[in-house]
Amino acid sequence: MKAIVVSTPGDPSAMEYRSTDAPAAQPGEVVVDVAAAGVNFIDVYHRSGQYPLDTPFTLGLEGAGTVSQVGFDVEDVRVGDRVAWMQGSGSYAQKVALPADKTVPVPEGVDLETAAAAMLQGITAHSLVYSTYVVQPEDTVVIHAAAGGVGLLLTQMVARRGATVLATASTAQKRQRARDAGADHACEYAMLKQAVGEHTGYRGVDVVYDGVGIATFEDSIAALRPRGTMVLYGQSSGAVAPLDPQILARNGSLYLTRPLAFDYISDRHEFLRRTHDLFEWVANGELDIHVGHTYSLEDAPRAHADLEARRTSGKVLLLP
């Protein structure tokens, strides 16, 4: 089979499209024929060595496909089942072996590409809106990079909760996409302070969802009301420097959290509950999973380059 393998971490050219041995299902595992693999910033961090992995490794945590093998001691998954996952290393491949309990069934009415696109970013958005900070109808919320994969889902979910969304995005086209997803207001990053003042009467917002990191962190802190919540869930522009906690006190007794989606699916019941919500909303037309870009598996280096250069919007998928 073909897969994307990294032998030495580095820039996108470190990814090699090559033949590898097809996996066999071990006890407790299934092998899935991959229909679509999600491309995420965590893959960039793995590829670059920022989040080190033992080499050589095949990239990709997320995807969807059809089960082709079932290992011993697997009871709830069968050959032919359509499944999705977000904790399966090696998803940039034509086949991947996964723990059966890390997969979820894909219901009728949801195609496999949409299912793959919904997993990591959908679980992230669901966790941020319904658990990290429970958004209320009276809240005003800043969402950075609102036209990105997580940003579009956050915008839809926050709007679904009845709160006011103040979105940021880098281009007029992306700002319009955020408005189409439910944002009440959208502005350039540099205009955030003015926008917060105009739309909150200089009170500040209740919560900021920031997946950008170092480029937006200071403005995000300044945008919050006293006792507001800063949710730093990513670092697409680079990591935030070590922080003096007194900054939180000086800006109004703020709360700061750095959540990871994997901590919000710590048991299978929680995992199934969140994916059930996502797939139900998708099937009912209540949540739009925007697949912005698809690439062939061998074009994975270009997919990473486009993602890092912010030339993408919505979800990025590889199609083996």
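These are my notebook entries on a predicted model of one protein chain.

**Ground rules**

I number residues from 1 along each chain as its sequence is written.

**Whole chain**

I looked up the secondary structure first. The protein chain has nine helices and 16 strands. Both are DSSP runs numbered from the N terminus: helices are H or I with at least four residues, strands are E with at least two. I then checked the radius of gyration, which is taken over C-alpha atoms. For the protein chain it is 20 Å, close to the 20 Å from the globule rule for 320 residues, so the chain is as compact as a globular protein of that length. The rule is 2.2 Å times the number of residues to the power 0.38. Along the principal axes, the C-alpha atoms fill a box of roughly 60 × 40 × 35 Å.

I took the surface next. The accessible surface is about 13800 Å², and carbon and sulfur atoms hold 48% of it. The method is Shrake-Rupley with a 1.4 Å probe; for residues, only the protein chains shown count as cover. Buried residues are 52% of the 320. Buried means under 20% relative accessible area, exposed over 50%, and partly exposed in between.

I also looked at contacts (heavy atoms within 4.5 Å). Of those with a separation of 6 or more, 67% join residues 24 or more positions apart.

I traced an open sheet of six strands in the order 11-10-9-12-13-14, with parallel pairing. Strand 11 (185–187) and strand 14 (255–257) are its edge strands, each pairing on one side only. The twist averages 15° from one strand to the next. Axes for such angles are lines fitted to C-alpha atoms, for helices over the stretch in contact, and angles run from 0 to 180 degrees between N-to-C directions. I count two strands as paired if DSSP finds at least two bridges between them.

I followed strand 12 (residues 205–210) in detail. Six of its six residues are buried. Strand 9 (residues 140–143) pairs with strand 12 in the parallel sense over three bridges. There, Val-141 stands opposite Val-207. Strand 12 is joined to strand 13 (residues 224–232) by five bridges, also parallel. Asp-210 has Leu-232 as its bridge partner in strand 13.

Strand 13 continues to strand 14 through three bridges, again parallel. Met-230 has its bridge partner in strand 14, namely Leu-256.

Strand 12, helix 6 (residues 217–223) and strand 13 make a right-handed β-α-β unit. Right-handed means that, with the strands pointing away from the viewer, the path from the first strand over the helix to the second runs clockwise.

I found a second open sheet, antiparallel, in the order 2-1-4. Strand 2 (15–19) and strand 4 (57–58) each have a single partner strand, so one side of each lacks a neighbour in the sheet. Five bridges join strand 1 (residues 2–6) to strand 2. Ala-3 stands opposite Arg-18 in strand 2.

**Ala-84**

I ended on one residue. Ala-84 lies in strand 6 (residues 82–85). Ala-84 counts as buried because its relative accessibility is 0%. Beyond four places in sequence, its contacts include Gly-63, Lys-102, Val-104, Met-119 and Phe-279. I also took one distance: the C-alpha atoms of Ala-84 and Leu-166, 82 residues apart along the chain, are separated by 32 Å.

Technical notes. Predicted model: local features only at pLDDT ≥ 70, side-chain atom pairs only at ≥ 80, totals over all residues. Heavy atoms only, no water. Buried < 20%, exposed > 50% of the residue type's maximum accessible area, 1.4 Å probe, protein only.
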